[in-house]
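The account below is meant to be read beside it.

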Amino acid sequence: MNSQIERIKEKIEPLRQEIINHKVYNAIKTIDDLKVFMQYHVYAVWDFMSLLKSLQNNLTCTSVPWFPFGSADTRFLINEIIVGEESDVDLGGNRKSHFELYLDAMKQCGADSSKIEIFIQTLKSSADFDESYYKSQTPKEAAEFVDFTFNIIKSQKAYLQSAIFTFGREDLIPGMFISIINEIHKKFPNEISIFKYYIERHIEVDGDHHSHLALKMTASLCKENELFWKEAEEAIITSLEKRIELWNGVYKTLAVNRQQKVY
């Protein structure tokens with residue numbers, strides 16, 4: 001394993017553990033709690049696709065006439081993941097992106113999908129993120145999460161995009177959360193079957209094979225450039241901190257909701 005990769009893994013392990021053991025998971029006890037989680041998490045599901053498509057634009061040939069570009073291993077990784085993310089199958093065998101699948105899951109369980117839908121509609125017509133956040137009343141933590149991702153995208157630095165894709169998105173679903181989902185599913189099988197399926201597909205698609213290729217991609221892009229590795233480490237740390245802040249936002253909302261129920 002690349003020594004720089006090992007150094008980054010060691011440096012970010014406390015942040016990864018903070019995410020995996022975040023108190024938000026224990027706070028999700030009911031289907032209503034899960035709805036709140038989904039209303040925040042859906043923004044991360046959406047902006048993941050933009051990060052992935054940006055990598056595709058930077059690391060493969062997406063223009064005409066076509067010419068071979070970049071590493072074939074990297075092209076394979078990006079294109080394979082895009083196939084899985086952009087055109088997977090739902091429970092009925094219909095082709096859907098994971099984002100569309102997530103929206104279906106929100107609607108099935110009664111989670112409010114209006115904010116993310118207004119956000120996307122406004123962004124399509126205006127290309128203005130601030131206006132889109134304002135009109136959709138996007139939660140602050142979700143807006144900050146998306147802003148960070150798009151700052152990395154706008155940098156046009158493929159090695160940074162690869163770094164946060166590799167370390168900021170993979171392997172962050174704890175077994176505890178899966179157990180909670182399974183317990184809620186036992187009580188409400190007709191309300192969260194799509195979400196349970198989404199989580200299972202996410203784990204299956206982002207398995208060891210993709211993780212190995214993603215690490216290889218980041219190492220290949222950073223090469224022996226110390227500045228690249230330093231920038232990558234900083235971006236990864238910020239990416240994980242933004243994820244923690246996103247989960248903090250969910251937790252605070254759940255706490256407020258519980259307090260209101262008490263009174």
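This is a predicted model: local features need pLDDT of at least 70, side-chain atom pairs count only at pLDDT 80 or more; totals for chains, interfaces and linings use all residues.

Residues are numbered from 1 along each chain as its sequence is written, and side-chain values use heavy atoms, with hydrogens and water left out.

A nonpolar core is here a set of buried Ala, Val, Leu, Ile, Met, Phe, Trp, Tyr and Cys residues joined through side-chain atoms within 4.5 Å; buried means under 20% relative accessible area, exposed over 50%, and partly exposed in between (1.4 Å probe, protein chains only). The largest such core has 87 residues, among which Phe37, Trp46 and Phe195 touch the most other members. Helix α3 contributes the largest share of this core, 17 residues. Helices (H or I, at least four residues) and strands (E, at least two) are DSSP runs, numbered from the N terminus. Contact means heavy atoms within 4.5 Å. Leaving aside residues up to four places away in sequence, Phe195 touches Leu34, Phe37, Met38, Tyr102, Ala105, Gln108, Phe177 and Ile181.

Two of those partners, Tyr102 and Ala105, are among the buried residues of α5. The buried residues of α5 pack against α3, α4 (72–86), β1 (88–89), β2 (95–96), α6 (114–126) and α11. Just after α5, Gly110 takes a positive phi of about 90 degrees.

The next topic is empty space. Rolling a probe the size of a water molecule over the atoms shows where such space is left. On a 1 Å grid over the protein atoms alone, a cavity is a set of points where a 1.4 Å probe fits but cannot get out, whereas a pocket is an open set with protein on both sides within 12 Å along at least five of seven lines; lining residues have an atom within 4 Å of a point. Grid points are joined across faces, edges and corners, and a volume is the space filled by probe spheres set on the points.

The structure holds one cavity of 30 Å³ or more, and about 280 Å³ of space lies in the largest cavity. Its lining comprises 20 residues, of which His41, Arg169, Ile173, His202 and Arg243 lie nearest its centre. Helices α3 (31–59), α11 (189–205) and α13 (226–262) each supply at least two lining residues, and α3 gives the most, with five. By type, the lining of this cavity divides into 12 nonpolar, three polar and five charged residues. In this division Ala, Val, Leu, Ile, Met, Phe, Trp, Tyr, Cys and Pro count as nonpolar, Asp, Glu, Lys and Arg as charged, and the others, Gly among them, as polar.

The second largest pocket has a volume of about 200 Å³. Its lining includes Trp46, Phe99, Glu86 and Lys124. Helix α6 provides the largest share of that lining, three residues.

Beyond its sequence neighbours up to four places away, Ala142 touches Tyr40, Tyr43 and Leu246. Ala214, in α12 (residues 208–222), is likewise buried at 0%, and with the same exclusion touches Leu77, Ser162, Phe165 and Thr166. Thr74 belongs to α4 and counts as buried because its relative accessible area is 10%.

The backbone deserves a final look. Most residues other than glycine have a negative phi, and most peptide bonds are trans. The peptide bond from Val64 to Pro65 is cis, with omega near 5 degrees, and Pro65 is placed in the loop between α3 and α4. Ala127, not a glycine, has a positive phi of about 60 degrees; this residue lies in the loop between α6 and α7 (129–136) and is exposed at 60% relative accessibility. Gln156 also has a positive phi of about 60 degrees, in the loop between α8 and α9 (158–168), and is exposed at 52%.
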